[in-house]
Amino acid sequence: MFKKVELIKTAYMKGDYPPPLNAEIAFAGRSNVGKSSLLNKLFGIKIAKISSNPGKTRSINFYNVDNKGYLVDLPGYGFASVSKEEKKKWANLLEDYFVNRYSLQMVFLLIDHRHEPQKKDIEMIQWLRELKIPFMIVLTKLDKVKKSERQKKLNLIKSVLSGYGEYLYFPVSSKTGEGIGLLKNEISKFLK
Ligand SMILES: Nc1nc2c(ncn2[C@@H]2O[C@H](COP(=O)(O)OP(=O)(O)OP(=O)(O)O)[C@@H](O)[C@H]2O)c(=O)[nH]1
Ligand SMILES: [Mg+2]
């Protein structure tokens, strides 16, 4: 489905973004939630750097997909062990991207399927709502949730987040590939 994927820009500074293509979809979520792993799984190649230490992605990475659009890997937020200064820099960069990047059409907000949404997740939801950026929710690390627990966990997460709006949910595992097909279909709707 995706033929040619190329990392065409690694932005460390506000506004240092590539000229827009027809579509742009970004992947947001707390550090270590699995953004870069998910992109690799969607692309079918190991192009985004991943790490078991939170804070691996420090820039905004634009992946050109078949010249149809960008999938954008964002730095994680809520990561405790970088300096305050560094955190502020990332937050500023993220803010600039969300506020000023008019070509951004959709955000996939990643939340860990194993846990109840945390304060940082809710803050992100409120922020995206305020900025009127459409988003859907991807629940990551599905393989780590027992099959017998999945429905219960999903209902719990949905009920916590229902106070903030109605969203589409995509439970996925970048390890086993479960749920990846459905998510890819959704993404393909944008990449025409
Ligand atoms: N079991 C399992 N582990 C996963 C999955 N997705 C990611 N991981 C692991 O979670 C860790 C973090 O993954 P990353 O993809 O680097 O997370 P990230 O959200 O890009 O993190 P930052 O770049 O720090 O914001 C790595 O050790 C991955 O191997 C998954 O679906 N299942
Ligand atoms: Mg990353």
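Here is a short chat about reading the features of this predicted model.

Visitor: Where do I start? What pattern does the protein follow along the sequence?

Guide: Start with the helices and strands. This protein has 5 helices and 7 strands, and read along the sequence they go β-β-α-β-β-α-β-α-β-α-β-α. The radius of gyration is 16 Å, close to the 16 Å that the globule rule gives for 192 residues, so the protein is as compact as a globular protein of that length. Its C-alpha atoms fill a box of roughly 45 × 40 × 30 Å along the principal axes.

Visitor: How do I read what is covered and what is on the surface? What share of the residues is buried?

Guide: A residue counts as buried when its relative accessible area is under 20%. Here, buried residues make up 47% of the 192. The protein exposes about 10,000 Å², and carbon and sulfur atoms supply 50% of that area.

Visitor: And the charges? How many positive and negative side chains are there?

Guide: There are 34 positive and 19 negative ones, and the centres of the two sets lie 4 Å apart.

Visitor: Now the inside. Which residues have the most contacts inside the largest nonpolar core?

Guide: They are Ile60, Leu74, Tyr97, Phe98, Val107 and Ile137, in a core of 31 residues. Several elements each supply at least two residues of this core, including strand 3 (60-65), helix 2 (84-100), strand 5 (106-112) and strand 6 (135-140). Apart from it lies another core, of 25 residues, among them Phe2, Leu39, Phe108 and Ile180.

Visitor: Can we zoom in on Ile60? What does Ile60 touch?

Guide: Skip residues up to four places away in sequence, and the partners of Ile60 include Lys9, Tyr17, Leu74, Leu93 and Tyr97. For the whole protein, take contacts between residues at least 6 apart in sequence: 74% of them join residues at least 24 apart.

Visitor: How should I look at a helix?

Guide: An α-helix has 3.6 residues a turn, so residues three or four places apart point the same way. Now try helix 1, which spans residues 35-43. Helix 1 is mostly covered, with 7 of its 9 residues buried. Those are Lys35, Ser36, Leu38, Leu39, Asn40, Leu42 and Phe43.

Visitor: Asn40 is on that list. What is Asn40 in contact with?

Guide: Leaving aside neighbours within four places in sequence, Asn40 meets Ile45, Lys46, Ile47, Ala48 and Ile50. Its relative accessible area is 10%, so it is buried. After helix 1 comes Gly44, whose phi is positive, near 75°.

Methods. Residues are numbered from 1 along each chain as its sequence is written. Chains are lettered from A and ligands numbered from 1 in the order in which they are written. This is a predicted model: local features need pLDDT of at least 70, side-chain atom pairs count only at pLDDT 80 or more; totals for chains, interfaces and linings use all residues. Side-chain values use heavy atoms; hydrogens and water are left out. Helices (H or I, at least four residues) and strands (E, at least two) are DSSP runs, numbered from the N terminus. The radius of gyration is taken over C-alpha atoms; the globule rule is 2.2 Å times the number of residues to the power 0.38. Buried means under 20% relative accessible area, exposed over 50%, partly exposed in between (1.4 Å probe, protein chains only). Contact means heavy atoms within 4.5 Å. Accessible areas come from the Shrake-Rupley method with a 1.4 Å probe; for residues, only the protein chains shown count as cover. Lys and Arg count as positive and Asp and Glu as negative; His and the chain ends are not counted. The place of a charge is taken as NZ of Lys, CZ of Arg, CG of Asp or CD of Glu. A nonpolar core is a set of buried Ala, Val, Leu, Ile, Met, Phe, Trp, Tyr and Cys residues joined through side-chain atoms within 4.5 Å.
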